Amino acid sequence: MHKNHEDNVEAVKKMSLQFLAEAIGQCPAGLEHSTNRDIVFAVIGFQYGAVQSAAYVAGLGEDVSTGIAEEVLCRINGMKRETVIKFLDMMPVLVRKGYPPIGIGGRAIIGFYNSATDEERLTAAASLREILRQIDEE
């Protein structure tokens, strides 16, 4: 049982990192250097939603999924752990408020891995780019 749990945790990390790298690759260059607060929260929210969704599908609890999110967000964004923890502390409030990037990220990762075609995978990965486009238009 313990081995299966560890395997699930590693699978969620790998799946999340692969998907998020693909999603970020669909976004404008320099995204990681953005100081626009709306963009930063949208990206972190999307990433958080994706990790939470993958963890849920794998049958992992909230405490485990938050630990995975912490590690994945540090690695994918090159952020310090303390910074990521500050963002993660705000995510439950944003979830309760129905912050759209979180839900979009959660659906996108599932859509990405359940896609039958490359076009469907690309559409799921490009959902982060679409969120950022909408923020730019505001």
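Modeller: Let's start with Ser65, which lies in helix α3; helices here are DSSP runs of H or I with at least four residues, numbered from the N terminus. This is a predicted model, where local features need pLDDT of at least 70 and side-chain atom pairs count only at pLDDT 80 or more, while totals for chains, interfaces and linings use all residues. Residues are numbered from 1 along each chain as its sequence is written, and side-chain values use heavy atoms, with hydrogens and water left out.

Colleague: Is Ser65 buried or exposed?

Modeller: Buried means under 20% relative accessible area, exposed means over 50%, and partly exposed is in between, with a 1.4 Å probe and protein chains only. Ser65 has 2% relative accessibility, so Ser65 counts as buried.

Colleague: Which residues does Ser65 touch?

Modeller: A contact means heavy atoms within 4.5 Å. Not counting residues up to four places away in sequence, Ser65 touches Val51, Gln52 and Ala55. With Gln52 there is also a polar contact of 2.5 Å between the side chains. That term covers a pair of N or O atoms within 3.5 Å; within protein, one must be able to donate a hydrogen and the other to accept it, and residues adjacent in sequence count only if both atoms are side-chain atoms.

Colleague: Thanks! On to charges: how many salt bridges are there?

Modeller: The general idea is that side chains of opposite charge can pair when their charged atoms come close. The rule asks for a side-chain nitrogen of Lys or Arg within 4 Å of a carboxyl oxygen of Asp or Glu, and by this rule the count comes to 5 salt bridges. One of them joins Lys13 and Glu71, with the closest N and O atoms 2.8 Å apart. This pair links distant parts of the chain, Lys13 in helix α1 and Glu71 in helix α3, 58 residues apart. Lys13 is buried at 12% relative accessible area, and Glu71 is partly exposed at 25%.

Colleague: What else does Glu71 pair with?

Modeller: Glu71 also forms a salt bridge with Arg75, the closest N and O atoms being 3.7 Å apart. These two are 4 residues apart in helix α3, which means they are separated by about one helical turn. Arg75 is exposed, at 54% relative accessible area. Glu10, Lys13, Glu71 and Arg75 are linked in a network of salt bridges.

Colleague: And where does Glu70 find a partner?

Modeller: In Arg81, with the closest N and O atoms 2.5 Å apart. Arg81 sits in helix α4 and Glu70 in helix α3, 11 residues apart. Arg81 is partly exposed at 40%, whereas Glu70 is buried at 18%.

Colleague: How should I read the nonpolar core, and which residues touch the most other members?

Modeller: In soluble globular proteins, nonpolar side chains tend to be buried together. A nonpolar core is a set of buried Ala, Val, Leu, Ile, Met, Phe, Trp, Tyr and Cys residues joined through side-chain atoms within 4.5 Å. Of the 39 residues in the largest one, Phe19, Phe46 and Leu132 touch the most other members. Helix α2 (37-57) gives the most to this core, with 11 residues. Leaving aside neighbours within four places in sequence, Phe19 has contacts that include Phe46, Ala50, Ile109 and Phe112.

Colleague: Which residues of helix α7 are buried?

Modeller: In α7 (residues 127-137), they are Ser127, Leu128, Ile131, Leu132 and Ile135. Seen down the axis, these buried residues fall within an arc of 145°, so they line one face of the helix; the arc is that of the directions from the helix axis to the C-beta atoms. On the other side of α7, Asp136 and Glu137 are exposed.
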